Amino acid sequence: MKTVTLSVAYIPLVDAAPLIVAQEMGFAEAEGLSLDLIRAPSWSSVRDMLSFGRVDAAHILSPVPVAVSLGLGGAATPLSAVMVLSVNGSSICVNKTLATSMREAGFAFGFDYPFAAGKALAAASGGKPIRFGVPFPFSMHFELVRYWLDAVGAFQPDSITIRTIPPAMMSDALAAGDIDAFCVGEPWGSMAVENGFGEMLLPSTAIWKRAPEKVLAVRTDWAETEPHLLGRLMRAVWSAARWLGDPESLITAAEILSRRPYLDVPADIIDRSLGGVMTISDKGEQRRVPAFIDFFNGAANFPWRSQAAWIGERLARRASLDPAFAAQNARQAFRSDLYRSALKPLGALLPAASEKVEGAILERTPAAAETGRLFLEPDGFFDGQTYDPSAQHTEKQ
Amino acid sequence: MSDRLSIVIVEKDRDRAIQIVDALKAADDYDILVIGEESGLARHIAARSPDIVLIDIDNPSRDTLEELALASGPMDRPVAMFVSGSAGGLAQTAIEAGVSAYVVDGLKPERVKPVLDAAIARFQMFRRMRNELAETKRALAERKVIDRAKGLLMKARGIGEEEAYALLRRTAMDQGRRVADVAEALVTASGLLS
């Protein structure tokens, strides 16, 4: 097989690991590919490089292909999310002042109490507005922050503002006082803790136990004209994800990611999120978080159309579009069909259905699969709500 | 209401900003505002409500502008990356040159084109200058390494400068490598041995 070079844009984050590992550990080579990994300065440039054909594929926020399908932001080139690269993996951090007030009021920064955390945050703000930083307007971070604060119900509608700050600038923005809190992917939450600028309040799993975070995206027309190349790319990345899912790989993975062309941060900071043991303050307090970030288990890479629909409906509400129309469009952006055809030959566990009721799985559950024994991991929302994609407007709000 | 297009340029570097403004003014009479301050960028731009926003594609603050894609009120004008029909090629050239343009919905491509043409030419020049600068820096660094390698050879072998350079060059040719690479290897090895 002749080696083909594919260019792939990414943002330096822990969850870019499947692409970096695919190249560094030889999974790409095994598929006759060489990945030219292009480090991008911002999410909009990742999206635009992909839209305009500057790169063949991209590591991108799961809501971006959905937003594009709704005509929100960027070029109108249709994008396809062909697989999920990572599930979960973000954290919410607050600045030192808020953290101190919350502790003084008796909140112990337990990771399992999102209601209490929200109420403690509202109390600590003393009614003053709180400015949250998120990496992009179309991001799981934005949706999770909004979902959490709305469900806690302790804030006045106009007391929360959410601003866009690129991931690598988040920690400094907190230090500079441009924002009071943020939700961001690793290593940037841990970096803020390490630098003493903030404390970690919640992992994103405390809000939604199973949120699709980054996806592998390609142009939809490229997927149609280059199905074989796409299949090779997906198999390389899936093999890398499987390698990352093995706990024995973590030390090596942290070492690779920490290198200069990639994240350029110390490996022990990356270890925290990969191993699910988060340091939450500069006093060294730790919290254990199962599946803080998940690259592989429980069919983590499967692009559930129900998750695309959930994202689509929420974006539609913000942009005053019709939610039912948006959910329908959004579904087309998550390509469970391509996932099935590309990964079946490798023996990937394929769920029998492409949609599920989101939030309904409370414990590890066996699920119908095309082949093999598939267990789905808990996917609950912290307020107990569920989202049934086949029924419209089932959410309370 | 004036018919002049209003343009916002987001650029921290004052010299670059001035050059872009000059290039645009040469193309037509535009109403131009330069914003150098990055905090509250989306708010400042929304307040100004321009027809076109130009920003360096490598500027991470560009993501902030995406908030403008979500018009929140009836008076807000949604802003989109400039692409429609035949203009697609123009947007691609812009991206390759390193500039991204956000254009208000409904603005005619023929009104946008001269603005983008001028901006693209300017950004292409910036890019060329940046490449040249990087090239000069690299050449300078290489020269330094070669000088050190020559020095090492002169001392170790008791030869003159010209002979030392000839030796480096011959080795490079024999091994099919660049003189600078051979020099670099020599300097590294000598650092390890001393």
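**Figure 1. Surroundings of A:Pro389 in the predicted model.** Beyond its neighbours within four places in sequence, A:Pro389 is in contact (heavy atoms within 4.5 Å) with A:Ser306, A:Ala309, A:Arg331, A:Glu355, A:Lys356 and A:Val357. A:Pro389 sits in the segment after β15 (374-376) of chain A. Helices (H or I, at least four residues) and strands (E, at least two) are DSSP runs, numbered from the N terminus. A:Pro389 counts as buried, at 9% relative accessibility. Buried stands for under 20% relative accessible area, exposed for over 50%, and partly exposed for values in between (1.4 Å probe, protein chains only). A:Arg39 lies 350 residues from A:Pro389 in sequence and 35 Å from it in space, C-alpha to C-alpha. This is a predicted model, in which local features need pLDDT of at least 70, side-chain atom pairs count only at pLDDT 80 or more, and totals for chains, interfaces and linings use all residues. Residues are numbered from 1 along each chain as its sequence is written, chains are lettered from A and ligands numbered from 1 in the order in which they are written, and side-chain values use heavy atoms, with hydrogens and water left out.

**Figure 2. Helix α3 of chain A and the residue that follows.** Helix α3(A) spans residues 43-51 and is mostly covered, with nine of its nine residues buried. Among them are A:Trp43, A:Arg47, A:Asp48 and A:Met49. A:Val46 and A:Leu50 are also buried there. Just after the helix, A:Gly53 takes a positive phi of about 80 degrees.

**Figure 3. Backbone exceptions in loops of chain A.** Most residues other than glycine have a negative phi, and most peptide bonds are trans. The peptide bond from A:Glu186 to A:Pro187 is cis, with omega near 10 degrees. A:Pro187 is in the loop between β8 (181-185) and α9 (188-194). A:Ala291 is not a glycine, yet has a positive phi of about 55 degrees. Its loop joins β12 (286-288) and β13 (293-294). A:Ala291 is partly exposed, with a relative accessible area of 37%. A:Ala299, likewise not a glycine, has a positive phi of about 55 degrees. A:Ala299 lies in the loop between β13 and α14 (305-318). At 13% relative accessibility, A:Ala299 is buried.

**Figure 4. The interface of chain B and chain A.** The contact takes 19 residues from chain B and 24 residues from chain A. Together the two chains bury about 1800 Å², 60% of it on carbon and sulfur atoms. Buried area is the accessible area (1.4 Å probe) that two parts lose on being put together, summed over both. Three residue pairs, both at pLDDT 80 or more, are in polar contact. A polar contact is a pair of N or O atoms within 3.5 Å; within protein, one must be able to donate a hydrogen and the other to accept it, and residues adjacent in sequence count only if both atoms are side-chain atoms. On the side of chain B that touches chain A, α3 (62-65) and α4 (88-97) each supply at least two residues. The largest share, four residues, comes from α4(B).

**Figure 5. The fold of chain B.** Chain B has seven helices and five strands. Along the sequence they follow the pattern β-α-β-α-β-α-β-α-β-α-α-α. Of its 194 residues, 40% count as buried.
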